[in-house]
Protein chains: 2
Amino acid sequence: MNGTTPQPTARTRSWWGWGRTDEHPDDAECTAMGALLPGTLGRPLPVPRVRDLGIGSPAVEPPGSLAHLVSADPADRAAHAMGKAYRDVVRALRGRPGRIPDLVARPADERGVADLLEWAGERQVAVVPYGGGSSVTGGVEYRGDAHRAVLSLDLTAMGRVLEVDAEGRAARIQAGTLGPALEDQLRPYGLTLRHFPQSFEFSTLGGWLATRAGGHYATGRTHIDDFVQSLRVVTPAGTSSSWRLPASGAGPSPDRLFLGSEGALGVITEAWVRLQERPRHKASAAVSFTGFPDALRAVRALAQSGLSPANCRLLDAGEAALSGAARDGCAVLVLGFESADEPVDALLARGVDLARSHGGRYDDTPVGASGPHAAPSGDAAVVAWRSAFLRMPYLRDGLARMGAVAETFETAATWDRIPGLIEAVRTEVGAAALKATGHPATVNCRLTHVYPDGAAPYFTVLAAGRAGDEVALWDDLKAVAGEVLHRHRATITHHHAVGRDHRPGYDRQRPEPFALALRAAKGALDPRGILNPGVLVD
Amino acid sequence: MNGTTPQPTARTRSWWGWGRTDEHPDDAECTAMGALLPGTLGRPLPVPRVRDLGIGSPAVEPPGSLAHLVSADPADRAAHAMGKAYRDVVRALRGRPGRIPDLVARPADERGVADLLEWAGERQVAVVPYGGGSSVTGGVEYRGDAHRAVLSLDLTAMGRVLEVDAEGRAARIQAGTLGPALEDQLRPYGLTLRHFPQSFEFSTLGGWLATRAGGHYATGRTHIDDFVQSLRVVTPAGTSSSWRLPASGAGPSPDRLFLGSEGALGVITEAWVRLQERPRHKASAAVSFTGFPDALRAVRALAQSGLSPANCRLLDAGEAALSGAARDGCAVLVLGFESADEPVDALLARGVDLARSHGGRYDDTPVGASGPHAAPSGDAAVVAWRSAFLRMPYLRDGLARMGAVAETFETAATWDRIPGLIEAVRTEVGAAALKATGHPATVNCRLTHVYPDGAAPYFTVLAAGRAGDEVALWDDLKAVAGEVLHRHRATITHHHAVGRDHRPGYDRQRPEPFALALRAAKGALDPRGILNPGVLVD
């Protein structure tokens with residue numbers, strides 16, 4: 001069967017900041033947010049304009065046979081120059097964006113991708129694969145030799161669900177399908193991929209696959225890797241097509257080489273992915289903890305219990321306050337269960353009991369009806385957290401306009417390292433920010449994903465910036481954070497990918513023989529080095 | 001902390017057949033088995049003797065510094081010449097075993113492995129990594145140029161659990177640790193790896209990792225891959241050591257390149273693996289089905305239900321009869337649940353209900369107490385199956401001594417392909433055996449592992465052989481089976497590895513760009529081509 005064509009998004013994407021322009025905080029909101037952070041600017045930096053960038057003619061022109069796939073429009077090119085990291089946003093605000101690509105291509109099929117790669121190979125044009133453009137690690141930005149022409153390869157014209165195997169719960173989906181369009185096309189079948197990264201609305205299946213995105217589930221299988229049956233990948237050396245299999249032991253997994261390859265080995269064009277029935281039963285609760293160590297123990301017990309909560313996100317006191325989940329200095333555990341066939345209330349009750357046995361407090365009376373140490377109402381806190389979660393990137397851009405540093409980074413480590421790691425990040429990144437700006441920084445932490453053997457902490461750093469010098473400040477803080485992660489053997493990224501910003505940390509973490517193998521693989525698949533130069537290997 | 005030293009196995013391993021010599025069926029048992037298969041020999045082939053092989057002096061000698069790690073004993077060398085496939089057993093029975101390695105090395109630590117590889121590289125000696133030697137796909141046998149010296153690198157002197165993180169439920173374990181010794185060393189901690197392949201007693205952690213072994217669980221995470229936190233791998237280009245992490249999104253997974261590399265990219269020396277609490281609650285039942293299609297639907301429903309049975313093995317009528325699980329022409333589903341913290345009777349009841357809703361019959365009265373169409377007692381059938389499961393390889397060797405073909409192979413495919421695949425294997429392999437021997441063959445099937453999106457069928461072929469020509473007959477049947485698998489896009493192996501016997505099927509299944517990448521990786525890590533030549537890439 002053929003899928004239906006997805007609806008185009010009606011509202012306007014921002015070329016320089018997160019998401020949609022009509023969701024951006026206005027000047028008054030920015031000013032109000034800035035007032036909360038001592039040392040920020042008194043008024044917001046102006047919204048940057050493409051026309052101020054002075055974008056010239058492209059340095060390269062495609063042959064006539066490819067002209068219909070390619071745009072040289074300055075606004076299009078500006079929107080494809082960078083991802084959406086804080087570092088990217090402030091560069092746009094300061095009128096110094098990353099390298100503007102010469103061309104943006106939107107192939108409609110795999111043939112188009114292959115033709116573009118062939119042409120790029122002949123002309124030594126650098127090709128930067130581009131899905132939703134939500135990279136926060138410099139994954140979609142060219143930073144190589146200035147003389148080289150750059151093509152941004154936007155996959156979003158390949159946005160269809162091509163085939164659904166309802167009995168086997170799987171679908172063949174084009175890589176450029178954005179999250180909402182993907183779910184829309186699966187809904188008539190009662191099926192879902194249930195992969196909901198924070199960037200869901202602005203990221204694509206291909207982007208998730210190329211970056212090993214972390215998804216909806218807070219426990220168990222959450223990385224997109226585990227949902228892949230097979231991949232098609234166009235490389236300069238030919239198209240790789242793996243068999244659609246539930247499992248295999250035939251040699252090293254071909255798919256696992258391309259998962260996480262971030263466009264450096266090939267362009268993922270489609271995948272068969274595993275689906276699930278849409279959940280019909282859901283229940284969630286917010287459990288609060290006076291002490292963070294208690295909360296960590298509770299979360300570990302939950303991760304090891306076999307209860308498999310769909311949501312098990314632990315917010316430290318600062319993060320709970322920031323998201324409105326609690327304002328009493330407590331850490332909050334957002335705990336949720338879901339199932340397609342059975343009520344989950346009993347599971348939730350068992351989960352809450354387990355959390356209580358480690359010092360958690362849960363009170364299901366409405367907010368305000370109980371004493372000062374009662375946890376917030378489960379529902380209210382969960383809703384507050386969810387809404388803040390989706391709003392966060394927009395607020396970050398508002399803070400950036402006020403000259404603040406508003407950065408996030410994430411990692412994962414085994415349980416034995418978690419308490420020391422979190423403490424060291426708080427202390428050392430906080431101290432570095434204070435030293436650099438003269439103002440105290442807020443460093444919050446939440447655990448986004450937990451495993452029986454470890455957890456994935458996610459950090460938010462809020463600080464006054466150094467006016468006009470935000471990028472250097474960011475680079476300094478990032479370097480400090482990278483040092484802490486390395487010292488604690490915590491991965492440089494659990495689900496944000498390596499991109500260009502995490503290369504130093506990645507190079508130190510990656511075993512050298514694997515680096516040799518990866519470089520050799522790159523040489524075999526991309527002998528002219530046109531694919532996303534600077535990513536993963538040189 | 002340091003682990004305890006494992007107990008050495010007291011009884012004698014067979015150099016030519018499965019397992020221990022004192023478990024082998026004697027001549028009378030072999031004769032009785034042979035009588036069940038028309039066309040087999042009247043009396044068993046004699047048990048082969050090492051001294052009849054005329055094993056000469058090794059063609060190569062190690063330097064004095066490595067001499068203490070190396071054995072040139074003919075019995076040792078004969079025992080390391082091949083794995084334990086039917087093909088290997090009949091070659092030994094016919095006095096034509098595979099290439100006898102010149103030397104067997106047993107390094108006691110990683111330094112020893114590295115030193116041996118360095119020496120082998122200088123002398124161009126082929127190195128065949130060897131764990132428990134239970135390969136059934138020609139994985140531990142050298143089949144290259146006759147002039148080349150061959151070293152069998154036996155890892156079993158590295159058989160210790162080195163470290164246990166009880167809180168984080170993980171352990172650092174040497175690759176040469178055999179299954180029973182591994183579990184023995186974890187038992188004091190109340191933890192288990194719970195990886196129980198049929199070869200458990202005679203295979204090692206390193207072997208499981210190098211071949212992506214399938215384990216205990218019939219649903220969900222069963223491949224050893226999913227239990228790996230980190231690996232250490234000695235390659236000729238250096239030692240790869242990945243960080244111990246619960247999860248990571250930093251580039252393609254380094255571990256996944258070595259998992260399934262079958263000794264062709266490096267020698268796995270140790271791993272941090274994820275453990276579980278030992279289950280305290282278990283319950284199982286045998287459900288019978290008159291029709292195999294009903295049984296398939298029931299198993300698919302169970303795999304998609306979220307009930308996550310630990311055991312969910314479906315035996316077709318022939319397999320059920322062979323194992324004693326049923327003798328009434330019914331297919332039998334062996335269904336089991338287990339948990340470390342909660343009783344599982346309610347889960348089992350739900351599982352049985354689901355199976356019943358697809359035509360399954362379950363009767364918990366004792367065998368013989370009910371009508372002819374009642375299912376066997378759950379417990380009795382489960383015990384019968386389990387015991388036959390472990391005994392099967394010994395019986396296979398007994399049949400081989402009677403000149404029979406007794407071969408097994410396994411695969412995996414998505415649900416849409418499963419019915420046609422199983423039917424085609426039965427028909428085409430059965431027809432090929434009949435044509436080749438003039439006697440009807442038995443082709444049985446069981447599903448060893450099931451997934452929401454597919455299943456892993458395991459086939460047993462029993463037929464009279466062609467006296468003196470068993471290898472050629474086996475090769476013919478294997479080729480027919482390989483064709484059927486390829487036509488149905490079923491993997492050449494779900495958990496037996498590729499080895500040398502599955503290379504033709506593997507080469508056709510593997511995407512060509514991945515083959516290019518793998519060859520390049522091999523060239524980078526093993527530039528002199530000493531590691532397990534002929535495996536995965538040339």
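Biologist: Arg169(B): buried or exposed?
Modeller: Arg169(B) counts as buried, at 12% relative accessibility. Buried means under 20% relative accessible area, exposed over 50%, and partly exposed in between, with a 1.4 Å probe and protein chains only.

Biologist: What are these values based on?
Modeller: This is a predicted model, where local features need pLDDT of at least 70, side-chain atom pairs count only at pLDDT 80 or more, and totals for chains, interfaces and linings use all residues. Residues are numbered from 1 along each chain as its sequence is written, chains are lettered from A and ligands numbered from 1 in the order in which they are written, and side-chain values use heavy atoms, with hydrogens and water left out.

Biologist: Back to Arg169(B). Where is it found in chain B?
Modeller: In the loop between strand E5 (161–165) and strand E6 (170–174) of chain B. Helices (H or I, at least four residues) and strands (E, at least two) are DSSP runs, numbered from the N terminus.

Biologist: What about phi of Asn532(A)?
Modeller: Near 40 degrees, a positive value in a residue other than glycine. Asn532(A) lies in the segment after helix H15 (512–525) of chain A. Asn532(A) is buried, with a relative accessible area of 1%.

Biologist: Switching to the interface. How many residues does the contact take from chain B and chain A?
Modeller: 76 residues from chain B and 76 residues from chain A. Contact means heavy atoms within 4.5 Å.

Biologist: And what area is buried between chain B and chain A?
Modeller: About 6000 Å², and carbon and sulfur atoms give 60% of that. Buried area is the accessible area (1.4 Å probe) that two parts lose on being put together, summed over both.

Biologist: Which three residues supply more than any other three on the chain B side?
Modeller: Trp243(B), Pro246(B) and Pro252(B), with 13% of the area that chain B buries against chain A.

Biologist: What does Arg256(A) touch?
Modeller: Leaving out residues up to four places away in sequence, Arg256(A) touches Asp225(A), Asp226(A), Pro252(B), Ser253(B) and Arg256(B). Arg256(A) sits in helix H7 (residues 254–258) of chain A. At 15% relative accessibility, Arg256(A) counts as buried.

Biologist: Arg300(A): which residues does it touch?
Modeller: Trp415(A) and Glu167(B), not counting residues up to four places away in sequence. Arg300(A) is in helix H8 (residues 292–304) of chain A. Arg300(A) is also buried, with a relative accessible area of 15%.

Biologist: Val480(A): buried or partly exposed?
Modeller: Partly exposed, at 24% relative accessibility. Val480(A) is in helix H13 (residues 470–487) of chain A. Beyond its neighbours within four places in sequence, Val480(A) is in contact with Glu428(A), Val429(A) and Ala432(A).

Biologist: Now the whole chain. How many helices and strands in chain A?
Modeller: Chain A has 15 helices and 18 strands.

Biologist: What share of chain A is buried?
Modeller: Buried residues make up 63% of the 538 residues in chain A.
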